[in-house]
Structures are given as structure tokens and as C-alpha cells.
Amino acid sequence: MAGKSRRHNPVPVSDLMSEIIDPVLAKRAGITTSLIQSWDEIVGARLAGQSRPEQIKWNRRMGDDDPFEPATIIIACEAFAALHIQHETSEIISRINAFLGYSAIGRVKIVQKPVAAQQPAKISRRDISQAQKQKIADTVSGVSDDNLRKALERLGKNVASSN
């Protein structure tokens, strides 16, 4: 990262966070954010909401001459999803290995725990008056970039309708 100038090139926040989080995840859990983010594509939408990859446990090699042994992925899942994951273990292993690009995973260990993310509270929206809409439009009228101006106007309307 040193020497790269980001002053003129905007970078998505997710890319910046991946640069920070990936080394920590790799060291602590043996996985990357890309595996976590692609979990629904790997196991399918039905199982993705009920499970998540927790850790990849790599087997220790005593020396460079020891053969490579595939790792074990630990999957946390809701109790009712454990049976589905157990039945689809070989398919999940092959999909993870295809995602990683090599035969990294050889076994699945299932850990039952709550994984469902709580739904965020719904924000109640109210209609905003024509005067408020006009005030927002006047406020952002000095922005020369059309896309940015429209985005700021949408943001202003969302903020005004949530208060």
C-alpha cells in the first residue's frame, strides 16, 4: 500500500476493509472475506442463511517433505440445518475447493450455534412535502456532476422522510 496514491482514485470501502481484515482472518481462522462473502454462492441461498464458515483448520506439517493434507472447514449452523449440511458435505467440499482453485478442503466439521443475523429494525418513512423536495433540490443544485447531484438528492429525501 505504501507509495500508492488514492487521492485521485476512489476506492470502495469494502476493498479497504478486505486489505485490513483478510490478514487477521487468515491468521486466526484460515479464511478470507471473499470466502465469507461468497458463502451463499458456494452452499446455495437455502443453506447460506442458516450457516457460515467459521474456520479452516490446516494440518501441521512437520517438514517440507511431508505430503500436503487437505484441511478441515468448520461450519457453524443452526441446529435444523446441520442435517442438510451433513447430507451435502461432499458437494460443499467440492464447491469450496472449486472456489479456492485447488483441493484445499477434505473434511467438514459442523458446529451447531445460532448464526441467523437479526433483521435490522424497519425505519418508518413518511411522505415529504413539495417544499422539502424543492429545498433539497435547491441545496444540491450547485453540484455539477449529474450522478452525484441525483444521489445527494435521493439521500436528502431519505433523510428527510425518516425523521
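The model is predicted, so local features need pLDDT of at least 70 and side-chain atom pairs count only at pLDDT 80 or more, while totals for chains, interfaces and linings use all residues. Residues are numbered from 1 along each chain as its sequence is written, and side-chain values use heavy atoms, with hydrogens and water left out.

Helices (H or I, at least four residues) and strands (E, at least two) are DSSP runs, numbered from the N terminus. Helix H6 covers residues 89-100, which makes 12 residues. From its first C-alpha to its last, H6 reaches 16 Å, close to the 16 Å expected at 1.5 Å a residue. The expected span is 1.5 Å times one less than the number of residues.

Residues are called buried under 20% relative accessible area, exposed over 50%, and partly exposed in between (1.4 Å probe, protein chains only). In H6, the buried residues are Ile92, Ile93, Ile96 and Asn97. These residues lie on the same side of H6, because they cover an arc of only 130 degrees around the axis. The arc is taken from the directions from the helix axis to the C-beta atoms. Ser90 and Ala98, on the other side of H6, are exposed.

Tyr102 sits in the loop between H6 and strand E3 (105-112), and is partly exposed at a relative accessible area of 44%. Tyr102 also belongs to a nonpolar patch on the surface, formed with Trp58, Phe68, Phe99 and Leu100. Together these residues have about 470 Å² of accessible area, by the Shrake-Rupley method with a 1.4 Å probe, where for residues only the protein chains shown count as cover. Patches are made of residues with over 30% relative accessible area and no salt bridge; like charges are joined within 9 Å, and nonpolar side chains (Val, Leu, Ile, Met, Phe, Trp, Tyr) within 5 Å.

**Helix H8**

Helix H8 (residues 146-162) has 17 residues. Its first and last C-alpha atoms span 24 Å, close to the 24 Å expected at 1.5 Å a residue. At the start of H8, a side-chain oxygen of Asp145 comes to within 3.1 Å of the backbone nitrogen of Asn147.

**Salt bridges**

Side chains of opposite charge can pair when their charged atoms come close. A salt bridge is a side-chain nitrogen of Lys or Arg within 4 Å of a carboxyl oxygen of Asp or Glu. The count by this rule is 6 salt bridges, including those in the table.

| Pair | N to O distance |
|---|---|
| Arg46 and Glu88 | 2.7 Å |
| Arg149 and Asp146 | 2.4 Å |
| Glu153 and Lys157 | 3.7 Å |

The side chains of Arg46 and Glu88 meet in a salt bridge. Arg46 lies in helix H4 (residues 45-48) and Glu88 in the loop between helix H5 (82-87) and H6, so the pair ties together parts that are 42 residues apart in sequence. Arg46 is partly exposed at 47%, and Glu88 is partly exposed at 24%.

Arg149 and Asp146 are both in helix H8, 3 residues apart, about one turn of the helix. Arg149 is partly exposed at 22%, as is Asp146 at 43%. Glu153 and Lys157 are 4 residues apart in H8, again about one helical turn. Glu153 is partly exposed at 21%, and Lys157 is partly exposed at 30%. Elsewhere, salt bridges that share partners join Arg52, Glu54 and Lys113 into one network.

Note on methods
Polar contact = N/O pair within 3.5 Å; in protein donor to acceptor, adjacent residues only side chain to side chain.
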